[in-house]
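User: I would like to go through this structure with you and ask, for each label, what stands behind it. Please set the values against the cut-offs as you answer.

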Amino acid sequence: MPAGGLSRERDVREAYAAHAGELYGFALRSLGDSGLAEEAVQETFLRAWRAGDRFDPQLGSLRTWLFAILRNVVIDLGRARAARPSLAEGGIEPSVEPLDEALLAWQVEEAMRRIGEQHRRVLIETYYRGRPYGEVAEELGVPEGTVKSRVYYGLRALRVAMEEIGYDG
Amino acid sequence: MTAERCREWRESLGAHALGRLSGEERAALEAHLEGCSDCRAELDSLASVAKLMPLADPERFGAAPQPPAALADRVVAAVAAERRGGRRRRIRFGLALSGATAAVAAALLAIFVFTGDGDPSPERHVVFGSLPPGLEISATLEPHAFGSEIHMYVKGAPPGTLCRVFLRGRNGAQLPAGSFRYRWGEGSVAVLSSAFDLSETEAIAVRVGDRTFVAPVGGDADA
(Lines give C-alpha, C1' and ligand atoms only; values in the text may rest on other atoms or scores of the structure.)
Protein backbone atom coordinates (compact mmCIF):
# COMPACT_ATOMS: atom_id res chain seq x y z
CA MET A 1 0.00 0.00 0.00
CA PRO A 2 1.56 3.33 -0.98
CA ALA A 3 2.33 5.42 2.07
CA GLY A 4 0.62 8.73 1.77
CA GLY A 5 0.84 9.72 -1.91
CA LEU A 6 -2.14 10.59 -4.05
CA SER A 7 -2.29 7.63 -6.39
CA ARG A 8 -5.94 6.82 -5.67
CA GLU A 9 -9.05 8.93 -5.58
CA ARG A 10 -9.68 8.22 -1.96
CA ASP A 11 -6.17 9.50 -1.20
CA VAL A 12 -7.22 12.73 -2.85
CA ARG A 13 -10.31 12.90 -0.64
CA GLU A 14 -8.32 12.24 2.49
CA ALA A 15 -5.60 14.70 1.55
CA TYR A 16 -8.26 17.27 0.74
CA ALA A 17 -9.92 16.80 4.12
CA ALA A 18 -6.59 17.18 5.91
CA HIS A 19 -4.98 20.03 3.97
CA ALA A 20 -7.40 21.94 1.74
CA GLY A 21 -8.25 24.51 4.42
CA GLU A 22 -4.64 25.58 4.83
CA LEU A 23 -3.90 25.44 1.12
CA TYR A 24 -6.92 27.60 0.44
CA GLY A 25 -5.92 30.03 3.21
CA PHE A 26 -2.49 30.53 1.70
CA ALA A 27 -3.83 30.70 -1.88
CA LEU A 28 -6.34 33.35 -0.83
CA ARG A 29 -3.69 35.29 1.08
CA SER A 30 -1.31 35.34 -1.87
CA LEU A 31 -3.80 35.75 -4.73
CA GLY A 32 -6.28 38.02 -2.94
CA ASP A 33 -9.25 36.58 -4.82
CA SER A 34 -11.45 33.72 -3.67
CA GLY A 35 -12.22 32.47 -7.20
CA LEU A 36 -8.53 32.29 -8.08
CA ALA A 37 -7.78 30.67 -4.72
CA GLU A 38 -10.32 27.91 -5.42
CA GLU A 39 -8.83 27.38 -8.86
CA ALA A 40 -5.36 27.17 -7.31
CA VAL A 41 -6.45 24.54 -4.78
CA GLN A 42 -8.14 22.44 -7.46
CA GLU A 43 -5.12 22.65 -9.74
CA THR A 44 -2.83 21.71 -6.83
CA PHE A 45 -4.73 18.49 -6.18
CA LEU A 46 -4.84 17.68 -9.89
CA ARG A 47 -1.09 18.09 -10.21
CA ALA A 48 -0.53 16.09 -7.04
CA TRP A 49 -2.78 13.36 -8.44
CA ARG A 50 -0.87 13.26 -11.73
CA ALA A 51 2.43 12.98 -9.88
CA GLY A 52 1.00 10.83 -7.06
CA ASP A 53 3.39 7.94 -7.41
CA ARG A 54 6.36 10.28 -7.20
CA PHE A 55 5.62 11.38 -3.67
CA ASP A 56 8.15 9.97 -1.24
CA PRO A 57 7.13 10.37 2.41
CA GLN A 58 10.73 9.86 3.49
CA LEU A 59 11.66 13.15 1.86
CA GLY A 60 8.98 15.33 3.37
CA SER A 61 5.37 15.34 4.50
CA LEU A 62 2.43 15.27 2.12
CA ARG A 63 1.58 18.72 3.41
CA THR A 64 5.02 20.07 2.44
CA TRP A 65 4.70 18.49 -1.00
CA LEU A 66 1.26 19.99 -1.57
CA PHE A 67 2.50 23.43 -0.51
CA ALA A 68 5.43 23.13 -2.95
CA ILE A 69 2.97 22.34 -5.75
CA LEU A 70 0.61 25.14 -4.67
CA ARG A 71 3.49 27.58 -4.71
CA ASN A 72 4.10 26.80 -8.39
CA VAL A 73 0.40 26.97 -9.17
CA VAL A 74 0.21 30.42 -7.55
CA ILE A 75 3.18 31.57 -9.63
CA ASP A 76 1.50 30.30 -12.80
CA LEU A 77 -1.83 31.87 -11.89
CA GLY A 78 -0.06 35.13 -11.10
CA ARG A 79 1.48 35.09 -14.57
CA ALA A 80 -1.84 34.26 -16.18
CA ARG A 81 -3.39 37.15 -14.33
CA ALA A 82 -0.60 39.51 -15.33
CA ALA A 83 -1.44 38.65 -18.95
CA ARG A 84 -5.01 39.84 -18.36
CA PRO A 85 -4.72 43.60 -17.80
CA SER A 86 -8.50 44.07 -17.67
CA LEU A 87 -8.58 42.63 -14.15
CA ALA A 88 -6.58 45.50 -12.72
CA GLU A 89 -8.80 47.99 -14.50
CA GLY A 90 -11.95 46.33 -13.21
CA GLY A 91 -11.45 47.75 -9.73
CA ILE A 92 -10.31 44.41 -8.28
CA GLU A 93 -6.65 44.78 -7.46
CA PRO A 94 -5.38 41.48 -6.13
CA SER A 95 -2.55 41.56 -3.65
CA VAL A 96 0.86 41.94 -5.25
CA GLU A 97 3.00 40.89 -2.32
CA PRO A 98 6.05 38.86 -3.27
CA LEU A 99 5.15 35.20 -2.87
CA ASP A 100 7.62 34.25 -0.17
CA GLU A 101 6.61 37.22 1.90
CA ALA A 102 2.97 36.24 1.46
CA LEU A 103 3.80 32.74 2.68
CA LEU A 104 5.52 34.09 5.81
CA ALA A 105 2.66 36.51 6.44
CA TRP A 106 0.15 33.68 6.12
CA GLN A 107 2.25 31.51 8.47
CA VAL A 108 2.29 34.23 11.15
CA GLU A 109 -1.46 34.79 10.77
CA GLU A 110 -2.25 31.08 10.84
CA ALA A 111 0.02 30.63 13.88
CA MET A 112 -1.72 33.56 15.60
CA ARG A 113 -5.04 31.79 15.10
CA ARG A 114 -3.63 28.67 16.72
CA ILE A 115 -2.16 30.06 19.94
CA GLY A 116 -4.22 30.60 23.08
CA GLU A 117 -6.55 33.58 23.38
CA GLN A 118 -4.60 35.09 26.33
CA HIS A 119 -1.37 35.01 24.38
CA ARG A 120 -2.89 36.35 21.19
CA ARG A 121 -4.56 39.16 23.13
CA VAL A 122 -1.40 40.52 24.72
CA LEU A 123 0.51 40.30 21.44
CA ILE A 124 -2.22 42.22 19.62
CA GLU A 125 -2.57 44.86 22.34
CA THR A 126 1.11 45.44 23.06
CA TYR A 127 2.63 44.79 19.66
CA TYR A 128 0.09 45.47 16.93
CA ARG A 129 -1.66 48.28 18.81
CA GLY A 130 1.56 49.44 20.45
CA ARG A 131 -0.05 49.96 23.86
CA PRO A 132 2.03 50.23 27.06
CA TYR A 133 2.27 47.02 29.13
CA GLY A 134 0.95 48.83 32.22
CA GLU A 135 -2.19 49.99 30.42
CA VAL A 136 -2.92 46.51 29.07
CA ALA A 137 -2.28 45.01 32.53
CA GLU A 138 -4.79 47.38 34.08
CA GLU A 139 -7.38 46.59 31.44
CA LEU A 140 -6.92 42.86 31.98
CA GLY A 141 -6.78 43.20 35.77
CA VAL A 142 -3.40 41.47 36.09
CA PRO A 143 0.06 42.67 37.25
CA GLU A 144 2.31 44.19 34.58
CA GLY A 145 4.76 41.31 35.09
CA THR A 146 2.02 38.93 33.98
CA VAL A 147 1.57 40.82 30.73
CA LYS A 148 5.31 40.63 30.16
CA SER A 149 5.39 36.91 30.83
CA ARG A 150 2.39 36.37 28.54
CA VAL A 151 4.25 38.20 25.78
CA TYR A 152 7.16 35.80 26.31
CA TYR A 153 5.07 32.62 26.39
CA GLY A 154 2.96 33.98 23.54
CA LEU A 155 6.03 34.45 21.33
CA ARG A 156 7.22 30.95 22.21
CA ALA A 157 3.81 29.51 21.36
CA LEU A 158 3.82 31.47 18.12
CA ARG A 159 7.15 29.96 17.17
CA VAL A 160 5.98 26.42 17.94
CA ALA A 161 2.78 26.99 15.94
CA MET A 162 4.77 28.36 13.00
CA GLU A 163 7.05 25.34 13.03
CA GLU A 164 3.99 23.10 12.97
CA ILE A 165 2.85 24.73 9.76
CA GLY A 166 6.18 24.56 8.03
CA TYR A 167 8.28 27.53 9.17
CA ASP A 168 11.87 26.41 9.45
CA GLY A 169 13.76 29.67 9.93
CA MET B 1 23.36 30.37 36.31
CA THR B 2 20.57 28.51 38.06
CA ALA B 3 17.44 27.58 36.16
CA GLU B 4 15.29 29.56 38.61
CA ARG B 5 17.37 32.67 38.09
CA CYS B 6 17.11 32.27 34.33
CA ARG B 7 13.36 31.90 34.56
CA GLU B 8 13.03 35.48 35.73
CA TRP B 9 15.21 36.74 32.91
CA ARG B 10 13.46 34.56 30.39
CA GLU B 11 10.14 36.20 30.96
CA SER B 12 11.69 39.49 29.84
CA LEU B 13 13.04 38.00 26.63
CA GLY B 14 9.76 38.40 24.72
CA ALA B 15 9.54 42.10 25.54
CA HIS B 16 13.22 42.44 24.64
CA ALA B 17 12.78 40.68 21.28
CA LEU B 18 9.96 43.11 20.53
CA GLY B 19 12.00 46.14 21.65
CA ARG B 20 9.81 46.99 24.61
CA LEU B 21 12.16 46.96 27.61
CA SER B 22 13.06 50.23 29.29
CA GLY B 23 16.72 51.28 29.21
CA GLU B 24 17.42 50.06 32.73
CA GLU B 25 15.73 46.68 32.28
CA ARG B 26 17.41 46.21 28.95
CA ALA B 27 20.87 46.95 30.34
CA ALA B 28 20.37 44.44 33.17
CA LEU B 29 19.09 41.77 30.79
CA GLU B 30 21.92 42.34 28.34
CA ALA B 31 24.42 41.91 31.16
CA HIS B 32 22.83 38.56 31.95
CA LEU B 33 22.83 37.55 28.28
CA GLU B 34 26.58 38.20 28.12
CA GLY B 35 27.17 35.28 30.41
CA CYS B 36 24.28 32.95 29.56
CA SER B 37 24.36 31.16 26.22
CA ASP B 38 21.06 29.38 26.90
CA CYS B 39 19.21 32.67 27.24
CA ARG B 40 20.98 34.03 24.16
CA ALA B 41 19.82 31.01 22.15
CA GLU B 42 16.28 31.50 23.45
CA LEU B 43 16.37 35.17 22.48
CA ASP B 44 17.55 34.28 18.95
CA SER B 45 14.71 31.82 18.59
CA LEU B 46 12.13 34.44 19.68
CA ALA B 47 13.71 37.19 17.61
CA SER B 48 13.43 35.19 14.40
CA VAL B 49 9.67 35.03 14.89
CA ALA B 50 9.37 38.59 16.22
CA LYS B 51 10.95 39.99 13.07
CA LEU B 52 8.22 38.34 10.95
CA MET B 53 5.35 39.79 13.00
CA PRO B 54 5.19 43.05 11.00
CA LEU B 55 4.29 41.02 7.88
CA ALA B 56 1.05 39.81 9.43
CA ASP B 57 -2.22 41.68 9.29
CA PRO B 58 -3.96 41.52 12.70
CA GLU B 59 -7.32 41.89 10.94
CA ARG B 60 -6.76 38.33 9.75
CA PHE B 61 -6.27 36.75 13.18
CA GLY B 62 -9.94 35.78 13.40
CA ALA B 63 -11.44 32.62 11.94
CA ALA B 64 -9.43 31.16 9.07
CA PRO B 65 -11.10 31.53 5.67
CA GLN B 66 -12.50 28.20 4.50
CA PRO B 67 -12.99 27.05 0.94
CA PRO B 68 -16.63 26.57 -0.09
CA ALA B 69 -17.92 23.07 0.67
CA ALA B 70 -18.56 22.47 -3.04
CA LEU B 71 -14.85 22.74 -3.82
CA ALA B 72 -14.21 19.28 -2.36
CA ASP B 73 -16.64 17.76 -4.85
CA ARG B 74 -15.18 19.75 -7.72
CA VAL B 75 -11.66 18.56 -6.90
CA VAL B 76 -12.75 14.92 -6.64
CA ALA B 77 -14.79 15.25 -9.86
CA ALA B 78 -11.83 16.83 -11.68
CA VAL B 79 -9.57 13.98 -10.59
CA ALA B 80 -12.20 11.39 -11.56
CA ALA B 81 -12.67 13.03 -14.96
CA GLU B 82 -8.95 12.96 -15.57
CA ARG B 83 -8.77 9.36 -14.50
CA ARG B 84 -11.60 8.39 -16.85
CA GLY B 85 -10.06 10.43 -19.63
CA GLY B 86 -7.01 8.25 -19.25
CA ARG B 87 -4.72 10.97 -20.49
CA ARG B 88 -3.66 14.35 -19.25
CA ARG B 89 -6.43 16.86 -19.57
CA ARG B 90 -5.51 20.35 -20.71
CA ILE B 91 -5.71 22.51 -17.64
CA ARG B 92 -8.12 25.36 -17.73
CA PHE B 93 -5.83 28.24 -17.02
CA GLY B 94 -3.31 26.30 -19.12
CA LEU B 95 -0.80 29.07 -19.63
CA ALA B 96 2.22 27.34 -21.09
CA LEU B 97 4.91 27.11 -18.47
CA SER B 98 7.72 29.41 -19.29
CA GLY B 99 11.21 27.96 -19.24
CA ALA B 100 11.99 29.49 -15.89
CA THR B 101 8.83 28.25 -14.17
CA ALA B 102 9.25 24.81 -15.69
CA ALA B 103 12.77 24.68 -14.32
CA VAL B 104 11.58 25.62 -10.85
CA ALA B 105 8.78 23.05 -11.05
CA ALA B 106 11.20 20.40 -12.27
CA ALA B 107 13.63 21.21 -9.48
CA LEU B 108 10.90 20.99 -6.86
CA LEU B 109 9.52 17.78 -8.28
CA ALA B 110 12.97 16.29 -8.61
CA ILE B 111 13.19 16.39 -4.83
CA PHE B 112 10.36 13.88 -4.71
CA VAL B 113 11.06 11.83 -7.80
CA PHE B 114 12.32 8.39 -7.03
CA THR B 115 10.02 6.21 -9.05
CA GLY B 116 8.79 6.77 -12.56
CA ASP B 117 5.19 6.31 -13.66
CA GLY B 118 4.14 3.04 -12.11
CA ASP B 119 1.77 0.37 -13.32
CA PRO B 120 -1.92 1.18 -13.42
CA SER B 121 -3.38 0.99 -9.94
CA PRO B 122 -5.22 -2.32 -9.34
CA GLU B 123 -8.03 -0.58 -7.47
CA ARG B 124 -11.49 -0.14 -8.96
CA HIS B 125 -13.48 3.01 -8.67
CA VAL B 126 -17.22 2.47 -8.70
CA VAL B 127 -19.85 5.09 -9.38
CA PHE B 128 -23.46 4.68 -8.35
CA GLY B 129 -25.89 6.05 -10.93
CA SER B 130 -29.58 6.96 -10.52
CA LEU B 131 -29.26 8.43 -7.06
CA PRO B 132 -31.91 10.73 -5.63
CA PRO B 133 -31.00 14.43 -5.77
CA GLY B 134 -28.58 15.46 -3.05
CA LEU B 135 -27.25 11.97 -2.36
CA GLU B 136 -23.78 11.00 -3.54
CA ILE B 137 -22.29 7.55 -3.25
CA SER B 138 -19.11 6.16 -4.69
CA ALA B 139 -16.70 3.40 -3.73
CA THR B 140 -13.16 2.31 -4.31
CA LEU B 141 -12.26 -1.37 -4.04
CA GLU B 142 -8.75 -2.65 -3.58
CA PRO B 143 -7.54 -6.24 -3.88
CA HIS B 144 -5.94 -7.81 -0.80
CA ALA B 145 -4.81 -11.28 0.20
CA PHE B 146 -7.88 -11.61 2.44
CA GLY B 147 -10.30 -10.42 -0.26
CA SER B 148 -11.22 -6.81 -0.94
CA GLU B 149 -10.95 -3.56 0.95
CA ILE B 150 -13.80 -1.15 0.29
CA HIS B 151 -13.78 2.59 0.77
CA MET B 152 -17.33 3.87 0.71
CA TYR B 153 -17.92 7.56 0.17
CA VAL B 154 -21.35 8.84 1.09
CA LYS B 155 -22.66 12.37 1.17
CA GLY B 156 -26.07 13.87 1.66
CA ALA B 157 -27.92 11.17 3.65
CA PRO B 158 -29.74 12.23 6.85
CA PRO B 159 -27.21 12.20 9.72
CA GLY B 160 -27.31 8.93 11.63
CA THR B 161 -28.50 6.89 8.63
CA LEU B 162 -27.49 3.22 8.85
CA CYS B 163 -25.64 2.11 5.71
CA ARG B 164 -25.04 -1.58 4.94
CA VAL B 165 -22.73 -2.75 2.20
CA PHE B 166 -22.79 -6.07 0.28
CA LEU B 167 -20.68 -7.55 -2.48
CA ARG B 168 -22.21 -9.84 -5.07
CA GLY B 169 -19.98 -12.46 -6.68
CA ARG B 170 -20.02 -13.60 -10.29
CA ASN B 171 -21.46 -16.90 -9.05
CA GLY B 172 -24.51 -15.04 -7.70
CA ALA B 173 -23.57 -15.34 -4.04
CA GLN B 174 -23.82 -12.23 -1.88
CA LEU B 175 -21.70 -11.47 1.19
CA PRO B 176 -22.18 -8.61 3.65
CA ALA B 177 -19.17 -6.29 3.79
CA GLY B 178 -20.10 -4.44 6.96
CA SER B 179 -22.10 -1.44 8.00
CA PHE B 180 -21.55 2.13 9.13
CA ARG B 181 -23.50 5.18 10.05
CA TYR B 182 -23.47 8.32 8.00
CA ARG B 183 -22.88 11.02 10.58
CA TRP B 184 -21.88 14.32 9.13
CA GLY B 185 -23.24 16.91 6.79
CA GLU B 186 -20.12 16.62 4.68
CA GLY B 187 -18.89 13.64 2.72
CA SER B 188 -17.41 10.84 4.75
CA VAL B 189 -15.44 7.73 3.91
CA ALA B 190 -15.95 4.37 5.65
CA VAL B 191 -13.41 1.59 5.30
CA LEU B 192 -14.87 -1.93 5.09
CA SER B 193 -13.69 -5.34 3.97
CA SER B 194 -15.06 -8.44 2.30
CA ALA B 195 -13.83 -12.00 1.75
CA PHE B 196 -14.64 -11.76 -1.97
CA ASP B 197 -11.66 -11.35 -4.24
CA LEU B 198 -12.00 -8.34 -6.47
CA SER B 199 -11.70 -10.55 -9.55
CA GLU B 200 -14.80 -12.55 -8.57
CA THR B 201 -16.87 -9.53 -7.57
CA GLU B 202 -19.62 -8.56 -9.95
CA ALA B 203 -21.40 -5.76 -8.12
CA ILE B 204 -21.48 -3.73 -4.95
CA ALA B 205 -24.72 -2.88 -3.19
CA VAL B 206 -25.26 -0.35 -0.46
CA ARG B 207 -28.44 -0.04 1.54
CA VAL B 208 -28.77 3.55 2.77
CA GLY B 209 -31.64 3.71 5.22
CA ASP B 210 -34.43 1.80 3.45
CA ARG B 211 -33.14 2.21 -0.11
CA THR B 212 -30.66 -0.04 -1.87
CA PHE B 213 -28.32 1.10 -4.61
CA VAL B 214 -26.29 -1.25 -6.76
CA ALA B 215 -23.32 -0.53 -9.00
CA PRO B 216 -21.39 -2.93 -11.22
CA VAL B 217 -17.74 -3.52 -10.42
CA GLY B 218 -15.86 -3.33 -13.71
CA GLY B 219 -13.61 -6.11 -14.97
CA ASP B 220 -10.54 -3.95 -15.50
CA ALA B 221 -9.13 -1.23 -13.34
CA ASP B 222 -9.42 1.45 -15.97
CA ALA B 223 -12.22 0.00 -18.06
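This is a predicted model: local features need pLDDT of at least 70, side-chain atom pairs count only at pLDDT 80 or more; totals for chains, interfaces and linings use all residues.

User: How do you know what kinds of element make up chain A, and in what order do they run?

Analyst: Chain A has eight helices and zero strands, and from the N terminus on its elements run α-α-α-α-α-α-α-α. Of its 169 residues, 49% are buried, and among its contacts with a separation of 6 or more, 70% are between residues 24 or more positions apart.

User: What makes α7(A) roughly perpendicular to α8(A)?

Analyst: The axes of helix α7 (residues 133–140) and helix α8 (residues 144–164) of chain A come within 8 Å and cross at roughly 105 degrees. Angles of 65 to 115 degrees count as roughly perpendicular, and therefore α7(A) is given that description relative to α8(A). By class, this contact has four nonpolar, two polar and two charged residues.

User: Which residues of the two helices meet there?

Analyst: From α7(A) there are Y133(A), G134(A), V136(A) and A137(A), and they meet E144(A), T146(A), V147(A) and K148(A) in α8(A).

User: Why are the buried residues of α7(A) said to line one face of the helix?

Analyst: The buried residues in question are Y133(A), V136(A) and A137(A). Seen down the axis of α7(A), they fall within an arc of 105 degrees, and so they line one face of the helix. As a general point, an α-helix has 3.6 residues a turn, so residues three or four places apart point the same way. On the other side of α7(A), G134(A) and E139(A) are exposed.

User: What covers the buried residues of α7(A), and what comes after that helix?

Analyst: The cover includes α6 (117–128) and α8 of chain A. The helix α7(A) is followed by G141(A), whose phi is positive, near 70 degrees.

User: Which residues of α6(A) are buried, and what covers them?

Analyst: In α6(A) the buried residues are H119(A), R120(A), V122(A), L123(A), E125(A), T126(A) and Y127(A), and their cover includes α5 (99–114), α7 and α8 of chain A. Just after α6(A) comes G130(A), which takes a positive phi of about 65 degrees.

User: How is chain B made up?

Analyst: Chain B has five helices and eight strands, which run α-α-α-α-α-β-β-β-β-β-β-β-β from the N terminus on. Buried residues are 23% of its 223 residues, and of its contacts between residues at least 6 apart in sequence, 53% join residues at least 24 apart.

User: Why is C6(B) called partly exposed?

Analyst: A residue counts as buried with 20 or more other C-beta atoms within 10 Å of its own, and as exposed with 12 or fewer. C6(B) has 16 such neighbours, which lies in between, and therefore counts as partly exposed.

User: How many residues of the two chains are in contact, and which elements of chain B take part?

Analyst: In this model 60 residues of chain B are in contact with 60 residues of chain A. On the chain B side, the elements that give two or more residues are α1, α3 (37–50), α4 (70–85), α5 (99–112) and β3 (147–155), and the largest share, 10 residues, comes from α4(B). By class, that side has 37 nonpolar, 12 polar and 11 charged residues.

Key
Residues are numbered from 1 along each chain as its sequence is written. Chains are lettered from A and ligands numbered from 1 in the order in which they are written. Helices (H or I, at least four residues) and strands (E, at least two) are DSSP runs, numbered from the N terminus. Two residues are in contact if their C-beta atoms, placed from the backbone, lie within 7 Å. Axes are lines fitted to C-alpha atoms, for helices over the stretch in contact, and angles run from 0 to 180 degrees between N-to-C directions. Angles under 35 degrees count as roughly parallel, over 145 as roughly antiparallel, 65 to 115 as roughly perpendicular and the rest as oblique. Ala, Val, Leu, Ile, Met, Phe, Trp, Tyr, Cys and Pro count as nonpolar, Asp, Glu, Lys and Arg as charged, and the others, Gly among them, as polar. The arc is that of the directions from the helix axis to the C-beta atoms.
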